[in-house]
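Here are a few notes to go with the structure, for someone opening it without any background. Have a look at it first, then read on.

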Amino acid sequence: MKWLLAFRRWRERDRALEEEFNAHVEDLTDELVSSGYSPEEARYKARRLFGNRTALLEESHDIWRLKWLDALLRDLRFSWRLARRQPWTVAAVIASIAIGVGANAAITSVLDTVLLNPLGIENSGQMIAATVHVKKLHMTDAESSAAEFRDLQSMTDVFSAVTATEQRAWTLQAGQPSRLIGLAVTPGFFKIFEPRPSMGRYFDGSDTTEIFLSYGL
Amino acid sequence: MDDNQRRDLFPGAIEMMILQILKRGPLHGYGLAQRIKQGSDDLLRVEEGSLYPALQRMLKEGWLDAEWATSPTNRRIRVYSITALGKKKLQRELSNFEQMIEGFSRVMNAVRT
């Protein structure tokens, strides 16, 4: 905002100075006419006596100018002139930048959904997967016990929600028996993965006889 | 005097003349140019436009004040007047200038004899 004001003041100063120049040249012309010059001659001579207006304006700019702003404006004007002269080059530059940015954005969003955050979890950066390693037995990713889960769950000042899952298979007996493969989860699961149910509500642990069905069934 | 045969002034000479002239009363740019021409019997002819950058510089330094007014010829003009700071500056410049002339003439005389 400040530099905008400064810029306006700068323009006003320019206009004022030009007005002064005009008045001066006209006064000088009048003087020359009254000393015997023809109006055209007087005007010409007055201009010559006054000097190079553009150079004088420039000199006054040097006195007042905000150096960086002036340089910036000059660069912008220069590049604009260049751009005007070579429209196809500019078009090519803009197109390559646009394609580059677009491709990057596309790849990043694909990577994000496929590799980085496939489940679309809102605060995926705050999420931690706890695994159990038992070095003495050379076990990695061992299954954890309910007691360990309770320990984690009691660290409420660290985590806003804790869940445990276990892969299970069920048999659905409805006409043809079919095998269902799924996860058994603790109530905290839905707090973390945050899907919105289209009907009803999720189980929250207060009732142990609740069931959560998807349309796949 | 021929237009092409101008005397080069030392740096700051225009500022000193402007301050000295304005001490007698406010004037606009054209008036200042007239005073300089007449006062020097046309020996000094500064390119009249070159007064304006000098005036701008002095406005910025706070040695002058400027106010818009209408000239007797009915043109919008900016009238300049000297400030207290400008008067002090003039005092200092004049004494510096006198010292410079003094030193200069002593050297010239010493070399001549």
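1. A word on terms before we start: helices here are DSSP runs of H or I with at least four residues, numbered from the N terminus. Keep in mind, too, that this is a predicted model.

2. Start with chain A, where helix α5 covers residues 87–116 and includes A:I107. A:I107 belongs to a nonpolar surface patch, along with A:V110, A:L111, A:V114, A:L115 and A:L116. Together these residues have about 610 Å² of accessible area.

3. Now chain B. The axes of helix α1 (residues 13–23) and helix α2 (residues 29–39) come within 11 Å, crossing at roughly 100°. Angles of 65 to 115 degrees count as roughly perpendicular, so that is how α1(B) and α2(B) sit to each other. On the α1(B) side, the contact uses B:M17, B:I18, B:I21 and B:L22, while α2(B) brings B:L32, B:R35 and B:I36. By class, that makes 6 nonpolar residues, 1 charged and no polar ones.

4. Which residue forms a salt bridge with B:R76? It's A:E19, with the closest N and O atoms 2.7 Å apart. The pair crosses between chains, from strand β3 (residues 76–82) of chain B to helix α1 (residues 2–34) of chain A. Over all chains, the structure has 13 salt bridges.

Terms used:
Residues are numbered from 1 along each chain as its sequence is written. Chains are lettered from A and ligands numbered from 1 in the order in which they are written. This is a predicted model: local features need pLDDT of at least 70, side-chain atom pairs count only at pLDDT 80 or more; totals for chains, interfaces and linings use all residues. Side-chain values use heavy atoms; hydrogens and water are left out. Patches are made of residues with over 30% relative accessible area and no salt bridge: like charges are joined within 9 Å, nonpolar side chains (Val, Leu, Ile, Met, Phe, Trp, Tyr) within 5 Å. Accessible areas come from the Shrake-Rupley method with a 1.4 Å probe; for residues, only the protein chains shown count as cover. A salt bridge is a side-chain nitrogen of Lys or Arg within 4 Å of a carboxyl oxygen of Asp or Glu. Helices (H or I, at least four residues) and strands (E, at least two) are DSSP runs, numbered from the N terminus. Axes are lines fitted to C-alpha atoms, for helices over the stretch in contact, and angles run from 0 to 180 degrees between N-to-C directions. Angles under 35 degrees count as roughly parallel, over 145 as roughly antiparallel, 65 to 115 as roughly perpendicular and the rest as oblique. Contact means heavy atoms within 4.5 Å. Ala, Val, Leu, Ile, Met, Phe, Trp, Tyr, Cys and Pro count as nonpolar, Asp, Glu, Lys and Arg as charged, and the others, Gly among them, as polar.
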